[in-house]
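Please look over the model below before reading on. My notes follow as numbered points.

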Amino acid sequence: APDQWHQLVVVKDAAGFQSFYVNGVRVHSDHEAAAGGRAWPFQEADPANTEPVRLALPLGGRIGEAWIYPRELTGEEIRRDFTAKRTRY
């Protein structure tokens, strides 16, 4: 709903699997997914020819902040970050 704050975190591990967190809680992981056939590690083949990170929200939503880490975050780090920020927003 408008004017509600939620935290969405997408983590890709070193093996290329993804986990999705909403408000500090993991809600999905693709470790057992069969649709893709394989994991896709996060590796840039040619650093000079990379696409920028794009953040988009439908219907004119707002992004309060965006962070990109060069390593996998743990579930505990994500939960602590959500707990620390939820009163601010």
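1. Which residues make up the largest nonpolar core? Val9, Val11, Tyr21, Leu73 and Ile78 do, five residues in all. A nonpolar core here is a set of buried Ala, Val, Leu, Ile, Met, Phe, Trp, Tyr and Cys residues joined through side-chain atoms within 4.5 Å.

2. A word on the basis. This is a predicted model: local features need pLDDT of at least 70, side-chain atom pairs count only at pLDDT 80 or more, and totals for chains, interfaces and linings use all residues. Numbering runs from 1 along each chain as its sequence is written, and side-chain values use heavy atoms, without hydrogens and water.

3. The protein chain has one helix and three strands, in the order β-β-β-α along the sequence. Helices (H or I, at least four residues) and strands (E, at least two) are DSSP runs, numbered from the N terminus.

4. Strands β2 (residues 18–22) and β3 (residues 25–29) run antiparallel, joined by four bridges. Pairing requires at least two DSSP bridges between two strands. β2 and β3 form a hairpin with two residues between them. Asn23 in the turn has a positive phi of about 50 degrees.

5. Tyr21 deserves a look. Tyr21 stands opposite Arg26 in β3. Beyond neighbours within four places in sequence, Tyr21 is in contact (heavy atoms within 4.5 Å) with Gln7, Leu8, Val9, Val11, Arg26, Val27, Gly75 and Ile78.

6. Of the 89 residues in the protein chain, 16% count as buried. Buried means under 20% relative accessible area, exposed over 50%, partly exposed in between (1.4 Å probe, protein chains only).
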